Amino acid sequence: MSQGPRSGLVAVSAALLAMSRHLEVRDVLKTIVASARELLDAQYAALGVPDDHGGFAQFVVDGVSDEQWKAIGPLPRQHGILAAMLHETGPERLADVRKDPRFEGWPAAHPELSDFLGLPIRDGDEVIGALFLANKQRPADGPPADGRLAHGQPADGRPADCVPEDGCGFTREDEELLSILAQHAAIALTNARLYERSRELTIVEERSRLAHELHDAVSQKLFSLRLTAQAAAALVDRDPARAKGELQQVAALAAEATEELRAAVVELRPAALDEDGLVATLRTQTQVLDRAHTARVTFTAHKFRALPAAQEEAVLRVAQEALHNALRHSGAAHVDVTVGRHGCGAVLRVTDDGGGFEPQTVRQAGRHLGLVSMRDRASGVGGTLTVESAPGKGTTIELEVPGG
């Protein structure tokens, strides 16, 4: 990722602007790590957010490939140098982290680290994270290992605080830059946490509102349904024609109650999306639908990467609506769901081999098939929705969303 060090206010300003663009906590963490690694020209960077059980609630790295990260294994525990950074008050610079008495080793797949710079990220007296950098990138034609000439002056004329000390590639200037970045990282991370908490409160309030609406609307429908069913039962023997009419009303009321219940439930963000991510949630839901319906429902993910929460929820909701249409209305024997990477964002396709419809009737059928709500969800996250269908040729719903 790094294209070489950028020094001074320009580099710091670029890093701070990058952090300010994000509100999701994980996005902020990733931006802090990438900015620190680029700013100080390190080979590796990591940021850990401690939990209350001796581990890390989140641990973000930069400079390590996805394959390497999977091979390394579970998140680290709070021990050795990592634990020290959560209790220190300032930066710590080491010429070789492996020779430090606190070093306790790492997994076999872990990259080799040598020189090290780390410091805690603090919000007041609370340590909310620790930032680590390793393996300072040195120019191939740079100065000697100690950065100095025989008479003790920097080999390249740099100020004394800009050259390595004690064999460590990181300098006092690096410490100062990282400290500045960490102070602003604390602000960005705290703001992101406040944003997520406020959003959680909004979701709780919305769920409470929906619960009341659901109780009022569905309870009224069920009460009417019960009375109508009782009337139909009383009329079966003496007036079958009227009883038939009442039973038709029962069916209509039941359908209305079902639609109102479904509409309310759809508005709730599923816990599985937060806990398992979009791909796992879609896979689970398609497996459930495959077992529950005669149609075969399949799911495939192609090089998908995580999206901001709003985009992932939009993809999930559109997939759910499209699956509902295909399984309830199309008469399809096979419904296929695929999700994959598309530039910095993602693309979702839900394809069925059902009856399809005339494209000209999309406008009339739009509300019935949920196309209006799907388009609203797409536009709400800056995405686009396309519908391809023809009589006897099935239907394909495609959603493209940006990465945020």
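**A walk through charges and turns**

Okay, let's start with lysine 303, which counts as exposed because its relative accessibility is 76%. Buried here means under 20% relative accessible area, exposed means over 50%, and partly exposed is in between, using a 1.4 Å probe and protein chains only. The areas themselves come from the Shrake-Rupley method with a 1.4 Å probe, and for residues only the protein chains shown count as cover.

Quick background before we go on. This is a predicted model, so local features need pLDDT of at least 70 and side-chain atom pairs count only at pLDDT 80 or more, while totals for chains, interfaces and linings use all residues. Residues are numbered from 1 along each chain as its sequence is written, and side-chain values use heavy atoms, with hydrogens and water left out.

Back to lysine 303. You'll find lysine 303 in the loop between strand E6 (296-302) and helix H9 (309-329). Those labels are DSSP runs numbered from the N terminus: helices are H or I with at least four residues, strands are E with at least two. Lysine 303 is not a glycine, yet it has a positive phi of about 50°.

What kind of surface patch do Arg26, Lys30, Lys303, Arg305 and Arg341 form? A positive one. Patch residues have over 30% relative accessible area and no salt bridge; like charges are joined within 9 Å, and nonpolar side chains (Val, Leu, Ile, Met, Phe, Trp, Tyr) within 5 Å. Lys and Arg count as positive, Asp and Glu as negative, and His and the chain ends are not counted. Each charge is placed at NZ of Lys, CZ of Arg, CG of Asp or CD of Glu.

Now look in the loop between H2 and strand E1 (42-50), where aspartate 41 is found. Aspartate 41 also has a positive phi without being a glycine, near 55°. Is aspartate 41 buried or exposed? Buried, with a relative accessible area of 10%.

On to salt bridges: a side-chain nitrogen of Lys or Arg within 4 Å of a carboxyl oxygen of Asp or Glu. By that rule we get nine of them. Side chains of opposite charge can pair when their charged atoms come close. Take aspartate 174 and lysine 136, whose side chains meet at 3.2 Å, N to O. Aspartate 174 is in helix H5 (residues 172-235) and lysine 136 in strand E5 (residues 126-136), so this pair ties together parts 38 residues apart in sequence. Both partners are buried.

Glutamate 313 and arginine 317 make another one, with the closest N and O atoms 3.9 Å apart. Both are in helix H9, four residues apart, about one turn of the helix.

Last stop, helix H11 (residues 371-380). Leu371, Met374 and Ala378 are buried there. Just after H11, glycine 382 takes a positive phi of about 75°.
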